[in-house]
Amino acid sequence: TLFRSSRRALHYVLKVGDRSRTASFFRELLGMKVLRHEEFEEGCKATCNGPYDGKWSKTMVGFGPEDDHFVVELTYNYGVGEYRLGNDLLGITVRSSQAVSNARKLGWLLTEVDGGVIEAMAPGGYKFFLEDKEQPQSDPVQKVTLAVSNLEKSVEYWSGLLGMKIYNQDEKRKTALLGFADNQCKLELQDIEGPVDHGTAFGRIAFSCPKEELPNLEAEIKKENHKILTPLVSLDTPGKATVQVVILADPDGHEICFVGDEAFRELSKMDPNGNKLLDDAMAADKSEEIGR
């Protein structure tokens with residue numbers, strides 16, 4: 001396998017039903033910043049917001065710019081107040097004793113998992129594992145853990161086909177740790193020895209690669225008879241760069257987005273007004289009140 005170091009882990013997409021409580025969790029508890037906020041009048045051509053064609057918003061939150069941090073994309077569909085949680089996303093691990101103390105101050109429900117790891121649940125039921133250690137200068141987001149039904153098959157796909165490097169395999173815990181580079185957020189696959197249920201809350205993990213690699217990547221996936229959910233397409237964001245993406249699904253149906261890196265760096269520039277745009281959108285949103 002060719003190990004692809006020109007690819008990078010970008011973000012994980014979470015569907016959120018309660019935008020204001022979610023915003024509080026990411027801003028006040030985790031201590032992430034709003035990097036950009038975008039409002040869309042209709043559904044996305046690559047179903048970024050799920051299978052919904054109404055008005056939706058996208059809020060990118062993270063500990064720093066998307067160029068060198070793994071961030072979270074919060075997608076909110078107006079009028080959809082909740083989603084059924086599956087067992088597909090097992091959790092996102094963040095190294096930050098600051099987040100742990102924020103959580104305690106906020107009186108957030110916390111569960112000790114093991115060895116200084118504390119579990120905090122975001123609105124919607126998404127699990128965050130907080131390592132109670134000093135927040136690193138680099139990105140505090142350590143890994144995203146996804147459930148798989150057959151570890152060997154999944155490692156073959158992510159490493160053999162997508163070119164991720166295997167950092168560690170733990171036979172006893174039935175996990176594999178993969179990544180495109182040492183300084184990037186890692187992907188941990190955990191064998192749950194049963195079917196992966198994506199619910200309606202299902203997420204998506206995004207990576208970038210040089211734009212010219214996209215057609216080859218698509219062709220390679222086709223050749224191996226794996227799933228392509230959205231063939232290569234251009235996505236527009238009003239007033240911002242147009243990006244090219246291809247959306248794949250791994251053997252368990254986890255959605256994977258590959259986006260052309262050059263245009264994405266342009267699109268993902270931090271917007272100093274991001275916070276205000278989110279706050280204004282939440283203040284103007286009447287659909288949330290109906291659901292309460």
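The radius of gyration of the protein is 18 Å. A compact globule of 292 residues would have a value near 19 Å, so the two agree. The model is predicted. Along the principal axes, the C-alpha trace spans about 50 × 45 × 35 Å.

The protein contains seven helices and 16 strands. Buried residues account for 54% of the 292 residues. Contacts were also examined by sequence separation. Among those with a separation of 6 or more, 68% link residues 24 or more positions apart. The accessible surface amounts to about 13400 Å². Carbon and sulfur atoms contribute 50% of this surface. The protein carries 36 positive and 47 negative charges.

Ser-96 sits in the loop between strand S5 and helix H2. Strand S5 covers residues 89-95, and helix H2 covers residues 97-106. The relative accessibility of Ser-96 is 0%. The surroundings of Ser-96 include residues from elsewhere in the sequence. With neighbours within four places in sequence left aside, Ser-96 is in contact with Glu-131, Lys-133 and Gln-135. Gln-135 also takes part in a polar contact with Ser-96. This polar contact joins the two side chains at 2.8 Å.

Definitions and conventions:
Residues numbered from 1 in each chain as written. Predicted model: local features only at pLDDT ≥ 70, side-chain atom pairs only at ≥ 80, totals over all residues. Heavy atoms only, no water. Helix = DSSP H or I, 4+ residues; strand = E, 2+ residues; numbered from the N terminus. Rg over C-alpha atoms; globule rule 2.2 N^0.38 Å. Buried < 20%, exposed > 50% of the residue type's maximum accessible area, 1.4 Å probe, protein only. Contact = heavy atoms within 4.5 Å. Areas by Shrake-Rupley, 256 points an atom, 1.4 Å probe, with all protein chains shown as cover. Lys, Arg positive; Asp, Glu negative; His and termini not counted. Charge placed at Lys NZ, Arg CZ, Asp CG, Glu CD. Polar contact = N/O pair within 3.5 Å; in protein donor to acceptor, adjacent residues only side chain to side chain.
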